[in-house]
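Subject: Structure handover

Hello,

Here is the structure I said I would pass on. My notes on what was found in it follow below.

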Amino acid sequence: MFATALALAAATPEQFLADLLATPSATAILQRQCGTRGPITAVKQAVRPHELPKRLARALRLGPSEAVTYRRVRLACGGVTFSEAENWFVPARLPPEMAAQLASGDTPFGRVVQPLKPSRQTLSAATRWHRAHVPERFLSIEAIVSSGAGTPLSAVIETYRRDALSGSK
C-alpha cells in the first residue's frame with residue numbers, strides 16, 4: 001500500500017497529521033488505525049446537501065455545466081467513529097461504476113477511487129490540540145483529491161476524532 005505512512009499506528013496527533021499529509025489516501029491511514037478489526041466503512045449521514053464553498057469550487061476547476069454530488073459520511077471501524085467527512089465529487093470525472101458505488105454504497109471515497117491512483121492536495125489543516133490535551137475533534141483538513149492524471153475529482157472537509165489516534169484495537 002503506502003509504505004512509510006502505513007508502517008506504524010500514530011501515537012501522537014503530530015504524527016497522525018504528518019501521515020495524512022504524506023499519503024494520497026486518508027482512508028488508508030484510517031484503515032491502518034483500524035488494524036485487524038475489519039474494513040473502514042463510510043456510514044452515510046442523512047443531511048441536506050451543503051453548498052460547495054467557493055474556495056473549494058475554484059480548486060476543483062469546475063466547468064460551467066459540471067454537476068457536483070454531496071456526500072457526508074462518518075468513517076468508522078468496529079463501532080468506533082474515526083472521522084466525519086463532507087465530500088463534493090464530480091461524477092462525470094469518474095467511471096460510471098465508481099459514481100454509482102459512491103451514490104449507493106458504504107465504501108469510503110478513497111477506496112472507491114483507488115484504481116485511479118489518487119493524490120491529495122491539502123489546502124488547510126486546523127489543529128486543535130495543545131501539548132498533552134487532545135480534544136474529541138482534534139483536526140480538520142480541507143483537501144482536493146485528484147486522479148493520478150491530475151484531474152480534480154473531489155473536495156473534502158474532514159474532521160478527525162481522538163479515536164483515530166489509537167484506533168479500535
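Is Phe-109 buried or exposed? Phe-109 is buried, because its relative accessible area is 8% and buried means under 20% relative accessible area, with exposed over 50% and partly exposed in between (1.4 Å probe, protein chains only).

Before the rest, some ground rules. This is a predicted model, in which local features need pLDDT of at least 70 and side-chain atom pairs count only at pLDDT 80 or more, while totals for chains, interfaces and linings use all residues. Residues are numbered from 1 along each chain as its sequence is written, and side-chain values use heavy atoms, with hydrogens and water left out.

The whole chain

The protein chain has six helices and six strands; these are DSSP runs numbered from the N terminus, with helices being H or I of at least four residues and strands being E of at least two. Along the sequence they follow the pattern α-α-β-α-β-β-α-α-β-β-β-α. For 169 residues, a compact globule would have a radius of gyration near 15 Å, and the protein chain agrees with that at 15 Å. That radius is taken over C-alpha atoms, and the globule rule is 2.2 Å times the number of residues to the power 0.38. The C-alpha trace spans about 50 × 30 × 30 Å along its principal axes. Of the 169 residues, 49% count as buried. Contact means heavy atoms within 4.5 Å; among contacts between residues at least 6 apart in sequence, 61% join residues at least 24 apart.

Helix 1 covers residues 13-22, and its buried residues are Pro-13, Phe-16, Leu-17, Asp-19 and Leu-20. Seen down the helix axis, these buried residues fall within an arc of 160°, so they line one face of helix 1. The arc is that of the directions from the helix axis to the C-beta atoms. As background, an α-helix has 3.6 residues a turn, so residues three or four places apart point the same way. The cover over the buried residues of helix 1 includes helix 2 (26-34), strand 4 (119-127), strand 5 (137-146), strand 6 (152-161) and helix 6 (163-166).

Leu-30 lies in helix 2 and is buried, with a relative accessible area of 0%. Not counting residues up to four places away in sequence, Leu-30 touches Phe-16, Ile-40, Leu-75, Phe-82, Ser-83, Tyr-160 and Ala-164. Leu-30 and Ala-164 are 134 residues apart along the chain, yet their C-alpha atoms are separated by 6.8 Å.

The disulfide

How many disulfides are there? The count comes to one disulfide, where a disulfide is a pair of cysteine sulfur atoms within 2.5 Å. It joins Cys-34 to Cys-77, with an S to S distance of 1.5 Å. Cys-34 lies in helix 2 and Cys-77 in strand 2, so the pair ties together parts that are 43 residues apart in sequence. Both Cys-34 and Cys-77 are buried.

Aromatic pairs

Rings of Phe, Tyr and Trp (its six-membered ring) pair if their centres lie within 6.5 Å; planes under 30 degrees apart count as stacked, over 60 as edge-to-face and the rest as tilted. The count comes to five aromatic pairs. The rings of Tyr-70 and Trp-88 have centres 5.3 Å apart and planes at 50°, so this pair is tilted. The pair links distant parts of the chain, with Tyr-70 in strand 2 (residues 69-77) and Trp-88 in strand 3 (residues 80-89), 18 residues apart. Tyr-70 and Trp-88 are both buried.

Phe-89 and Phe-109 also form a tilted pair, at 6.0 Å centre to centre and 45° between the planes. Phe-89 is in strand 3 and Phe-109 is in helix 5 (residues 109-112), 20 residues apart. Phe-89 counts as buried at 2% relative accessibility. Ring pairs also link Phe-16, Trp-129, Phe-138 and Tyr-160 into a cluster.

Two loop residues

Arg-61 is not a glycine, but has a positive phi of about 55°. Arg-61 lies in the loop between helix 3 (54-60) and strand 2, and counts as exposed at 55% relative accessibility. Lys-117, also not a glycine, has a positive phi of about 55°. Lys-117 lies in the loop between helix 5 and strand 4 and counts as exposed at 64% relative accessibility.

Regards
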